[in-house]
Amino acid sequence: MKVEIIAHTPNPEELIAQAAKLCYSPVGVSEIKEKMTPESRDKFLKLLMSFSHASPLEHSYFTFAVEGVSRSFSHQLVRHRIASYSQQSQRYVRLDNFEYIIPPKIAENEEAKKVFIESMEQDAKAYQKLTDILITEKAKELIAGGMEESKARKRVEKDAIEDARYVFPNACETKVVFTMNVRTLIHFFELRTCTRAQWEIREVAIEMLRQCKKIAPILFADCGPSCVNGPCQEGAMSCGRQAEMREFFKGL
């Protein structure tokens, strides 16, 4: 798994502080910028993050590149709708070297791991066979019309892999670039760093948060599951580890 911030709003904390302060100021942004010092900015940001004026947080964004994750992960990720996504396409990219993600609990059990890998290998073989069958069938008409075989097969490859990909499992490795504003990220972290989140998206979310804190420590200082700053929101499904979680995320 690889998680990397590949772009973000320059000086995100300064921008948000300026935007938020404008809401309470009789002067314009130029004068706000002139008067704002690092100390006054940080003091104001801490105050801002302590109450519910969240709209200024939408002015700053972070863009992440994530690789070595499964389609199970990406299906959960895109449920966060206030974001932009670009994902490696199985319609246009022929996966001759099929990569897959093995869940840790399966990897720890030799018998389970063996069954899992055998299943993945069967899927890979089925994909190659289906692709070849479909290309051969779809190319026949073009070849009969006088097109060279190699050109005809290349022409129909996209349609063939578009159907052959249906054999792939949720474990199939994928790559995603996505952008979220700070307000969305805080909500994302609240849900996906919780111990009840699925293991893969939780690992990604924790690493995302770790990197965000390095860039904007005040904005993300109190981020984590709901229990970091208040009572657990999971009710009867709570893990009961609030003290441990608070210590972990405060020190992240």
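Contact here means heavy atoms within 4.5 Å. The model is a predicted one.

Q: Which residues does Ser70 touch, not counting residues up to four places away in sequence?
A: Ser70 has its place in strand β2, which spans residues 61–70. With contact taken as heavy atoms within 4.5 Å, and with residues up to four places away in sequence not counted, Ser70 touches Ile101, Asn170, Ala171, Cys172, Thr174 and Glu200.

Q: Is Ser70 buried or exposed?
A: The relative accessible area of Ser70 is 3%, and a residue under 20% counts as buried. Ser70 is therefore classed as buried.

Q: With the side chain of which residue does the side chain of Ser70 make a polar contact?
A: The side chain of Ser70 also has a polar atom 3.2 Å from the backbone nitrogen of Ser72. The side-chain to side-chain polar contact, at 2.5 Å, is made with Glu200.

Q: How many Å apart in space are Ser70 and Cys172, C-alpha to C-alpha?
A: Cys172 is one of the residues that Ser70 touches. Along the sequence Ser70 and Cys172 are 102 residues apart, whereas in space, C-alpha to C-alpha, the separation is 5.3 Å.

Q: With which side chain does the side chain of His80 make a polar contact?
A: His80 is found in the loop between α4 (71–77) and β3 (84–87), and with a relative accessible area of 8% it is buried. Leaving aside neighbours within four places in sequence, His80 is in contact with Tyr85, Met180, Phe188, Leu191 and Arg192. The polar contact of the His80 side chain, at 2.9 Å, is with the side chain of Arg192.

Q: What is the class of the aromatic pair that Phe189 and Phe220 form?
A: A pair of aromatic rings is described by the distance of the centres and the angle of the planes. For Phe189 and Phe220 the centres are 6.0 Å apart and the planes are at 75°. Since planes over 60 degrees apart count as edge-to-face, the pair of Phe189 and Phe220 is edge-to-face.

Q: How many residues apart in sequence are the parts that the pair of Phe189 and Phe220 ties together?
A: Phe189 is buried at 0% relative accessibility, and Phe220 is buried with a relative accessible area of 0%. Phe189 lies in helix α8 (residues 182–192) and Phe220 in the loop between α9 and α10, so the parts tied together by the pair are apart in sequence by 31 residues.

Q: Which residues do ring pairs link into a cluster with Phe98?
A: A search of the whole structure finds 10 aromatic pairs. Phe98 is found in the loop between β3 and α5 (104–107) and is buried, with a relative accessible area of 10%. Not counting residues up to four places away in sequence, Phe98 touches several residues, including Phe168. The cluster linked by ring pairs contains, together with Phe98, the residues Tyr100, Phe116, Tyr127 and Phe168.

Q: How many charged residues does the contact of α1 with α3 have?
A: In this contact Glu13, Glu14, Ile16, Ala17, Ala20 and Lys21 of α1 meet Arg41, Phe44, Leu45 and Leu48 of α3. By class there are six nonpolar and no polar residues, and the charged residues number four.

Q: Which residues of α10 make the contact with α9?
A: On the α9 side the contact is made by Arg202, Ile206, Leu209 and Lys213. Phe249 of α10, which is buried at 0% relative accessibility, touches Arg202, Ile206, Leu209 and Lys213, among other residues. The α10 side of the contact consists of Met245, Phe248, Phe249 and Lys250.

Terms used. Residues are numbered from 1 along each chain as its sequence is written. This is a predicted model: local features need pLDDT of at least 70, side-chain atom pairs count only at pLDDT 80 or more; totals for chains, interfaces and linings use all residues. Side-chain values use heavy atoms; hydrogens and water are left out. Helices (H or I, at least four residues) and strands (E, at least two) are DSSP runs, numbered from the N terminus. Buried means under 20% relative accessible area, exposed over 50%, partly exposed in between (1.4 Å probe, protein chains only). A polar contact is a pair of N or O atoms within 3.5 Å; within protein, one must be able to donate a hydrogen and the other to accept it, and residues adjacent in sequence count only if both atoms are side-chain atoms. Rings of Phe, Tyr and Trp (its six-membered ring) pair if their centres lie within 6.5 Å; planes under 30 degrees apart count as stacked, over 60 as edge-to-face and the rest as tilted. Ala, Val, Leu, Ile, Met, Phe, Trp, Tyr, Cys and Pro count as nonpolar, Asp, Glu, Lys and Arg as charged, and the others, Gly among them, as polar.
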